[in-house]
Amino acid sequence: MSQGPWDRLERRIPAVTDRIMRRYVDGSPHYQGVVTEHLHRHMAHTCREGARLYVRMARELREPRDEELRLFRERAHARGAEGLPAAHFMEAYHLCAEEVWHELTLVADGELPPEAGAVLLRWLRHVTREALDAHQQEFQATRSEEREARRATVRALVAGERATGAATRFGIRLADSYAVLALRFVTDHSESIGDALGRRLAGRRKVHRLTEELLRAFSDEAGEADLLTALDPDGGLVLVPSDPGRPDHGLETARAALPRVRQATGIDMTAGFAHAGDHARIPSAAAQARRLLPLAAAPDEVAVLGDHLFTYHLRHESEAVPHLRSLVEQLRTEPDLLTTVGAYFANDFNRRQTAQQLHVHPNTIDNRLSRVDALTGVNPRTAQGLLVLGAAMGIGGPEHRDA
């Protein structure tokens, strides 16, 4: 094989590199046509070494050695750490291949070696594979650090601590005021099959999908600040930037967002919502949102305190709670009684409407209410009995089986 074309191409590598750089900055929104000192120092050097490696591979008809690929791994690691998307530096490698091939056809002077194209493709395959693997490792590590920083920021705010450290390091923009959304996700089928690694990966993908969709759903609410999420496969917290003077700010968005997120991800969820206002109130708002979460019984429901005042109050633990729950457990031994009491309350104690709903005679309702009195010692026909049964149903009735 004649050495002429490769010698001439090697001498033209600096000029080829200049064309690569010019094309890259002209097509990149990051540089606006200016070849910066950083690009001269790093990208130009990478392109020159890449072109020289191609010449060596073509001259010697061999694959690249591991040490010859080290530079491309190191540069890709650095770009990944900087957060540069892989597509941007892949663009540089493909521009390099185009310009090297163009120059070779010019300097070959009719002596273009037949293997030149195949070697160029193998060169491109090797360097891009090494670069992409290295970039992916570093990019994932950096993204993982950023996600953990956001989680740490949420944990700090919920604990009533200062959150400026991690936020400053990763450029997280904190709002002056937040609303808190506590979420619970239904377990996805993929999380319960396969080995431990497969289940863990399924959980991570689930969190990633949910996070992306939540960010999209709340993008208008976030404004100049960042939406903060701390999610696990079974649920978590979302801090939504809010207006301190509007306690319901973000509530309607949350109620509209959950169905959209479910539709996009296929994952059912429920939520509890509480407005914090300033940072000092975030711990109490987070506690309230979490306590409201079990009260959201229907898919996509967002429970807010104003809609659940009675039940929310009852669900605070006290010495009376076990006794009230025991009343419901007694009723569970005769399911018709529990169903009847639930319908009786739902129909505002109207025995005829209750009977109509349950497709029985009104006398059957009277008999069942008498049976409730005999079984539990609580008479549902008296005001005191209604209060006790209402409290018991609020704490441990069929709509709150998770209590």
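How are α3 and α5 oriented to each other, oblique or parallel? Take a look at the close-ups below, all drawn from a predicted model.

**Close-up 1. Helices α3 and α5 cross one another.** Helix α3 spans residues 37–60 and helix α5 spans residues 86–107. Their axes come within 10 Å and cross at roughly 50°, so α3 and α5 are oblique to each other. The crossing is right-handed.

**Close-up 2. The contact of α3 with α5, residue by residue.** From α3, the contact draws on M43, T46, C47, A51 and Y54. Helix α5 brings A92, Y93, C96, V100, W101 and L104.

**Close-up 3. The largest nonpolar core.** This core has 40 residues, and those touching the most other members are W6, L9, M43, Y54, Y93 and W123. At least two core residues come from each of α1 (4–11), α2 (13–27), α3, α4 (66–82), α5 and α6 (116–158). In soluble globular proteins, nonpolar side chains tend to be buried together.

**Close-up 4. M43 and its contacts.** Setting aside neighbours within four places in sequence, M43 is in contact with I20, M21, Y24, H38 and A92.

**Close-up 5. R79, a buried residue of helix α4.** Is R79 buried or exposed? With a relative accessible area of 11%, R79 is buried, since buried means under 20%. Not counting residues up to four places away in sequence, R79 touches H38, H42, L84, F89 and H135.

Notes
Residues are numbered from 1 along each chain as its sequence is written. This is a predicted model: local features need pLDDT of at least 70, side-chain atom pairs count only at pLDDT 80 or more; totals for chains, interfaces and linings use all residues. Side-chain values use heavy atoms; hydrogens and water are left out. Axes are lines fitted to C-alpha atoms, for helices over the stretch in contact, and angles run from 0 to 180 degrees between N-to-C directions. Helices (H or I, at least four residues) and strands (E, at least two) are DSSP runs, numbered from the N terminus. Angles under 35 degrees count as roughly parallel, over 145 as roughly antiparallel, 65 to 115 as roughly perpendicular and the rest as oblique. A crossing is left-handed if the near helix is turned anticlockwise from the far one by less than a right angle, and right-handed if clockwise. Contact means heavy atoms within 4.5 Å. A nonpolar core is a set of buried Ala, Val, Leu, Ile, Met, Phe, Trp, Tyr and Cys residues joined through side-chain atoms within 4.5 Å. Buried means under 20% relative accessible area, exposed over 50%, partly exposed in between (1.4 Å probe, protein chains only).
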